[in-house]
Structures are given as structure tokens and as C-alpha cells.
Amino acid sequence: MYHPDLTYYRINLTEDEAIVYLHIKYIGWLDSDHSYHQGFVSNSLTEKLKELLFLDLKNSEEQDKRILKPNEAIFIHGSRTRGIHLCHLCNESSPIEVEPIDLKYYRGSKSMLVGINAVYIPSTKNGEFYFFPTMLHHYITEHNYKPPEEFLNSLQAFNLSKPFNIFKEEEKSYLAVKMPIEEVNSFNPSPELIADLLKHPEKSARLPDVTFEELFSDI
Ligand SMILES: [Zn+2]
């Protein structure tokens, strides 16, 4: 599914209305119908992105072999997509895998399928998160895609040697507003709106009985 970079995570309520989350931004939701920014991304950052995918506690090889310990692991896994997504930019018709070669911390050996899930990392900007498909690594290395600088800076800053659990960030990430769907892609929350919702979280639009994890289950 296509989303412009740095637009805010949304759940469509009806054909006309969506709930938009003020602290979660899309990165790398590309497709073949929309142009995307191209440019150089350093090898050290693409390698770090790859390692991030392997260090996720929901990595299937970790689950099989207990390679990572929960209190030492990174938990960034947002959701699984329905079925395997192939790259929309390639003519390639087979699923894409990455190999755990030359990684600093991860000790597993099995290759990993990308295009089956999405993950998120914290932004260096105040309390925000980026939500991106695991295919991002392929888009950068094979299609010359260059994510926005603020994402690359946050990836650079993310510490792979420390445990991190996205679900501990729950409360902040729930803040949301309802709006007409045509306004979603140009929405940019003002500091006043964010401050007001932080002060009065009861004003935040919420889906009833939806946990933070379930919030990301429908992509
Ligand atoms: Zn491709």
C-alpha cells in the first residue's frame, strides 16, 4: 500500500473519514505508480538497517533457536502483512531474502524473507516513530531509494546494543485525531494540538478496545 513519506499513520474508519496518529510516520511505503526520492545512503546505514531486521525479537530464527534473550533484545516488529508482498518496483516475481552476513551483534545464520512484515523505530524528534516495511532495505540497496534525512538520522542514532521495546511506548503513540480522508496526507499536527492532547488524552480519537499491537495489525 502506498503512503507518501512522513505522512502520519492512519486507519480509515469509513470511505470519508480516518483516525490519524500524531506520533507515527510512514517511511518507504513505495509502489510503481508514484515517484520516490533517490540518492546515496551510506553502506554503514544500510548494513545497520539490515541488522535491525535480524535483531527483532520476533525474528523466526530467534524463536526457533533462542538466539536473542528477551531482556537484551530489540522489539520493533509492528505487524505481519497478509501473505508475502513482492517488490512492486522489480520485474522479479520471487520473494526477496536478506542474508545475515557481516553483522555486528546478531549471531543467527538463516536468511530472512522481507515483504512479510513492517517494523518501527523511534525518531530523534520528540516522541515520534517511523513505521516502515522490511522491504525498505531492498528499496535502498536495489532501487536507489533515499529515505528522508530525519529517518536516516534516527536510524543512525538507534542503539543496536541496547534492548528496546516499542510496546512500552504505548500511551504516547495512541494520541490521534479524526479527520476527512482528503486531509490526511497534508496533515501536520501543530505543537499546540499535541500539547493539548498530551494534557487532555481523553480528547484523543481512539478505536474502542484496540490494543497498541492491534493498531498495527491491518496493513
Ligand atoms: Zn525490487
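Me: How are residues numbered, and what limits apply to a predicted model?
Reply: Numbering runs from 1 along each chain as its sequence is written. Because the model is predicted, local features need pLDDT of at least 70 and side-chain atom pairs count only at pLDDT 80 or more, while totals for chains, interfaces and linings use all residues.

Me: How many helices and strands are there in the protein?
Reply: The protein has seven helices and ten strands. Helices are DSSP runs of H or I with at least four residues, strands are DSSP runs of E with at least two, and both are numbered from the N terminus.

Me: What makes Asn126 buried or exposed?
Reply: A residue is buried if 20 or more other C-beta atoms lie within 10 Å of its own, exposed if 12 or fewer, and partly exposed in between, with C-beta atoms placed from the backbone. Asn126 has 9 C-beta neighbours inside 10 Å and therefore counts as exposed. Asn126 lies in the loop between β7 and β8. His23 is 103 residues from Asn126 in sequence, yet their C-alpha atoms are 8.8 Å apart in space.

Me: Why is Phe164 called partly exposed?
Reply: Phe164 has 18 other C-beta atoms within 10 Å, so it is partly exposed. This residue belongs to strand β9 (residues 164-165).

Me: Which residues does Phe164 touch, not counting residues up to four places away in sequence?
Reply: Phe164 touches Ile74, Phe75 and Ile76. Two residues are in contact if their C-beta atoms, placed from the backbone, lie within 7 Å. The C-alpha atoms of Phe164 and Ile74 are separated by 4.6 Å, although these residues are 90 apart along the chain. For the protein, 71% of contacts between residues at least 6 apart in sequence join residues at least 24 apart.

Me: What makes a set of residues a nonpolar core, and which residues have the most contacts inside the largest one?
Reply: A nonpolar core is a set of buried Ala, Val, Leu, Ile, Met, Phe, Trp, Tyr and Cys residues joined through C-beta atoms within 7 Å. The largest has 44 residues, and those with the most contacts inside it are Tyr21, Tyr120, Tyr130, Phe131 and Phe132. Elements that give two or more residues to this core include β1, β2 (17-26), α1 and β7 (117-122). β2 gives the most, with seven residues. Of the 219 residues of the protein, 31% count as buried.

Me: Which residues of helix α3 are buried?
Reply: In α3 (residues 136-143), Leu136, His137, His138, Tyr139 and Ile140 are buried. The buried residues of α3 pack against α1 (43-55), β5 (96-98), β6 (112-114) and β8 (129-133). Just after α3, Asn144 has a positive phi of about 65°.

Me: How do you know the relative direction of α1 and α3?
Reply: Axes are lines fitted to C-alpha atoms, for helices over the stretch in contact, and angles run from 0 to 180 degrees between N-to-C directions. Angles under 35 degrees count as roughly parallel, over 145 as roughly antiparallel, 65 to 115 as roughly perpendicular and the rest as oblique. α1 and α3 pack at about 155°, with their axes 10 Å apart. α1 is therefore roughly antiparallel to α3. The contact involves Thr46, Leu49, Lys50 and Leu53 of α1 with Leu136, His137, Ile140 and Thr141 of α3.

Me: Why is α1 called roughly perpendicular to α4?
Reply: α1 and α4 (residues 149-157) pack at an angle of about 70°, with their axes 10 Å apart. That angle makes α1 roughly perpendicular to α4. Leu45, Lys48 and Leu49 in α1 meet Leu152, Leu155 and Gln156 in α4.
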